[in-house]
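Open the model in a viewer and keep the selection tool at hand.

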Amino acid sequence: MGRLFESKYGYFTEDGKEYVITNPHTPRPWVNVISNGDYSIIASHTGSGYSWRGNAGQNRITRLYQDLIKDNWGKYFYIRDLESGKYWSAAWKPVMADYQLYEVTHGIGYTVYRHKVEDIYSEMKVFVTVKDPVEIIHLRLRNDSSKMRRLDVTSYFEWVLGNFPDEHREFHKLFIVPEFKGNTIYVRKYLGQFPDEKGRWNNTNWDHVAFHSVSLPVKSFTCDKESFVGMYGDEKFPMAMRTERLDNKCDRFGDACASLQVEITLEPTEEREIVFTIGAAKIGEEDAEELSKRYTNVERTKEEFENVRKFWMDLLEKELVETPDEGLNIMTNYWAKYQAISGRIWARSGYYQVSAGYGFRDQLQDSQIFFSLNPELAKKQILLHAEHQFQEGDVLHWWFTIRGGGPRTHCSDDLLWLPFITQEYIKETMDYSILDEVVPYVDGGKGTLYEHCKRAIEKAFKRFSPRGLPLIGENDWNDGMNAVGTDWKGESIWLAHFMYLLLKEFIPLIELKGDLRFAAKCKDTLEVLKESVNRYAWDGEWFIRATKDDGEEIGSKKNEEGFIFLNAQTWAVISDITDEERKIRAMESVKKYLLKDYGALLLYPAYTKPRSDIGYITRYAPGLRENGGVYTHAATWAVWAFALMRDVEAMYKAYRGICPPYRSEDIDKYWAEPYVTCGNSDGPISPHYGRGGWTWYTGSAQWLHRVATHWILGIRPNYGYLDIDPVIPSSWSGFTYKRYFGNTRYTITVKNPNNVSYGVKKIVLDGEEVEKVPILKDGREHTVEVILG
């Protein structure tokens, strides 16, 4: 099988579905975020990571403290030769033994560790069941030596059981109650994270029972951290590996851990399989003992692994592309979708950031990933977000997923993503009925989704300056501009662009609902926005980004630092708020100042000293994140804008610069995983120019997928028809795009015989030439041939 994008640390398999790490010394931990939408784990390539249910902040199961340098917290499995006393771990961490083989495969929904030490080959597969709150660790051992071997295998990890971080560990450990029964450690906690019905804190139990089980008879066990690692010891040299057996201690009087030890004998070439499980059952709804027994066996584990693989492929392969660009194929077909769903929407956590909730605008945008895969999941997400809107139209900036609650902020763009994503959903699915879904407001009462969207727009209309521009408030899309407009006088030019596109797209839905007076108001506002932006925001070669409360312009030639911002230019094109000449000049300025080797910078030049009148973006070191770095979420929009401008060279440079597989070429410069998008990479002013960071938990994955399918390949569902308008490198001979609409499958083949970059010459549907391709729902297969020229 061929190796794609191979580097000194690993490669993609030929089908792009797996990334194989061949060297554990990666520049940073390269992880997999595995989730079934309820129970989640992170598995780093070294074997570290942690588990949670619901969210990683309020319902953490196992312990991990964020440390990307040491990567030294996890659920570890020790293998010991009982004759020699030598021991190592099934993954590289924590022992980091000299090895004969070490290889880690991160796949879609699973990670596999292959390790060979002292002629003992081990293969450890970790994954989460499709539907239940259980993770499975399937360990296969083989004796590659010429003599019989006696081994024991010992698991070890620490419990959290609720809120994290558990900074007051000496308090919280007092309430953890372990019990050993059969081959399983069960653990409860007599301290919940919420008050009781009378508002009394520290007066409830944690509402789950966690468990750790093994498929073989237990030789020994312990529930006490000190007896495992030893006083002043650590996981690399634990006392447990210097004693014949664990101490079978299981009481409430130590620091809680879970460790199960089993013993096996292997003849030469013989293999044995062991299954460990970890899970958490909701008290009164699920049975921890039943879950443990159901999954802690080898045959059921093999069945469930196939269920996991089938689940993910059935979902992701509803849409597939085949182009001359292998990096685009890999990300569009598998990894961008997987990252957006498993990491961003379901797990909502990564190694760089832990989230206890949903961001209002964040997962709303992410839900677009479901449009081509399972629109019902997008609908569910949209309605969930609508429930977190106030009657006034503003929203919670984010909210906890357990028991709710979150900040009601003065962010100016949050609320508008609800109507924006709603209209995008309808455009792709024709599901107008979503507008009539009745959804409660967070502060009481209820209304249809249409009414929720309308209230969001009406609230935004109340936040305009006398010049006819939207006010920025505490911040807009850029949270770090949090000091620009706190007095509600500063204006946001990006928000003006965004509102202009939103209103254009939403007005037909307003008219469909017969709300003609509101439609007229929106049309009037459209004209005001266009006039005001072009009158007040044009700086000669580009659009300014904002004005402060005192009227000073940001993102202007008048500024020494931060004189041009990306979003104010790209969205001028995306929204079509200005004329062609200004679009051209604005995007030429983007190419001159912002478009670099690794994508488009968010602003230039970087701020070199903090400015309390702008916000915390100025407090980052120059070139990092929003302060002059490539902020990948916004950098995807640059691809969109260049595609609209038919600037193919710039478009493709902007795309490839942020397409992770291509960073394999300079992987020691990039540092980050080459199979998922990073939240940002360092700008030219940083000594680590091109370094990626903040991977997995970033909204850029969905947008990377969307700009590839909608604006490079140019296939866009549009109210019952397919707009087909590719913008591709002229060197491409064509590409194929396959997608289901319900149970109807379309195979679109685009041919480029004249080596052009755009321009559709002919479209043939099922053998007949057509002007437009209708989206049929007849359960059949349809072929579309598109000729460029």
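A nonpolar core is a set of buried Ala, Val, Leu, Ile, Met, Phe, Trp, Tyr and Cys residues joined through side-chain atoms within 4.5 Å, where buried means under 20% relative accessible area with a 1.4 Å probe, protein chains only. This is a predicted model, in which local features need pLDDT of at least 70, side-chain atom pairs count only at pLDDT 80 or more, and totals for chains, interfaces and linings use all residues. Residues are numbered from 1 along each chain as its sequence is written, and side-chain values use heavy atoms, leaving out hydrogens and water.

Select Trp 312, Trp 335 and Trp 637: among the 242 residues of the largest nonpolar core, these touch the most other members. Next, select residues 493–512, helix α10 (a DSSP run of H or I, at least four residues), which gives this core its largest share, 14 residues. Another core, of ten residues, lies apart from it and includes Met 481, Phe 565, Tyr 607 and Ile 614.

Return to Trp 335. Its contacts (heavy atoms within 4.5 Å) include Phe 12, Tyr 19, His 106, Ile 330 and Tyr 675, not counting residues up to four places away in sequence.

Now turn to the largest cavity. On a 1 Å grid over the protein atoms alone, a cavity is a set of points where a 1.4 Å probe fits but cannot get out, and lining residues have an atom within 4 Å of a point. Select Ala 43, Gly 47, Lys 75, Tyr 113 and Val 126, which lie nearest its centre among 13 lining residues. Finally, select strand β5 (39–44; strands are DSSP runs of E, at least two residues), the source of the largest share of this lining, three residues.

Note on methods: On a 1 Å grid over the protein atoms alone, a cavity is a set of points where a 1.4 Å probe fits but cannot get out, and a pocket is an open set with protein on both sides within 12 Å along at least five of seven lines; lining residues have an atom within 4 Å of a point. Buried means under 20% relative accessible area, exposed over 50%, partly exposed in between (1.4 Å probe, protein chains only).
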